Amino acid sequence: MRFVKLLILLFMATGTLTTSAQNAGQGIRPGDKAPDFTLKDQNGKEVNLYQLLKKGPVVLNWYRGGWCPYCNLELKGLADKTAEINQLGATLVAISPELPDKTMTTVEKNNLSFTVVSDSDNNIARKYDLVFKLDSETAGRYENSFGLSRYNGNDKGELPVPATYIIDQKCIVRYAFINPDYKKRANPDDVLMYLTQLVRTSNNNKLVLLWSSDDPMVAERVALMFPYAAQKKNWFSEVTLVIWGPSAELIANDAVLQKKISEMKTAGIKVEACIACANAYGVADKLKSLNYDILPMGEPLANYLKRGYQVLTF
């Protein structure tokens, strides 16, 4: 009997939306600027879109609610890609008109590890031109079958069209999947593919110089001279110097090279050092005193390569 009720609920919640979404917005499109927002996540923490974009691209997914089986399937599909999305330096955010406690239930039910925010009254969905009003028949069905008003905290009968966006660090939409037929959702593999292309293209003009040589001449004439010139002459949009291997010991004991690196940092070059290498040569404390970022460099270096940075080794 429970199985039959579940099938009835599934049918009622997933009946054809075409007539209900005739008045749906078209959504913002690739090339449009994504409107900023600040909303609270499942833990009550404020999430600001433009602040997230300072760290990297954002994958923004609109779902109707935890009552929607298609939404749950989509959220689980995105959850499977969360680690890969994060490795690309991007952030995944899901958004719906659900009340915060319902949002938490959706997160727990689907075991989601990414950020989910509550857009009360579809205020942000309206800015993205995604809101539509259910026809009276569909609204009644939804209310009687699972209580839509209890999920959204109002009886307006409004929902967002399911949509998935990829937004770059300039706040511009680069990918958009919007379909008033809620049974059709963006393929998570396609989302990851577009995101990978975007990240690799945007990072193609960023330089990482991996300096491992302990030869002072190589240091002065190549490892330090080239990135400094690249930064000053804007050959790359971002330059990072990584102190790796024997170069850690060389720099720790050479005041002249330390001064040159200080000038590079002042010019805007990021300086990172491998903590394992620094410990192996017994110079970790010295490098920390020089205010270098001392990090486990294996994963960061792998991410530089995955994200399409130009990596040179000296």
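## The largest pocket

Helix α9, spanning residues 188-203, contributes four residues to the lining of the largest pocket, the most of any contributor. Bear in mind that this is a predicted model.

The volume of the largest pocket comes to about 390 Å³. It has 19 lining residues, and those closest to the centre are Pro57, Gln169, Ser202, Asn203 and Lys206.

Next comes the second largest pocket, with a volume of about 210 Å³. Its lining is made up of Asp41, Lys45, Glu46, Val47, Asn48, Gln51, Leu52, Lys55, Thr91 and Thr115. Two elements, β2 (46-48) and α2 (49-53), each give two or more residues to this lining, and β2 provides the largest share, with three residues. By type, the lining of the second largest pocket holds four charged, four polar and two nonpolar residues.

## The five-stranded sheet

Now for the sheet: five strands form an open sheet with mixed pairing, in the order β5-β4-β3-β8-β9. At its edges lie β5 (115-118) and β9 (173-178), each of which pairs on one side only. From one strand to the next, the twist averages 15 degrees.

Strand β4 (residues 91-96) runs parallel to β5, and four bridges join the two. In one of the bridges, Val93 has Thr115 of β5 as its partner. Helix α3 (residues 69-79) packs on the sheet, where α3 touches β3 (58-62), β4 and β8 (163-167). The direction of α3 makes about 165 degrees with that of β3.

How values were computed: Residues numbered from 1 in each chain as written. Predicted model: local features only at pLDDT ≥ 70, side-chain atom pairs only at ≥ 80, totals over all residues. Heavy atoms only, no water. 1 Å grid on protein atoms, 1.4 Å probe; cavity = no way out; pocket = protein on both sides within 12 Å on 5 of 7 lines; lining within 4 Å. Points joined across faces, edges and corners; volume = space filled by probe spheres on them. Nonpolar A, V, L, I, M, F, W, Y, C, P; charged D, E, K, R; others polar. Pairing = 2+ DSSP bridges. Axes fitted to C-alpha atoms, helices over the stretch in contact; angles between N-to-C directions. Contact = heavy atoms within 4.5 Å.
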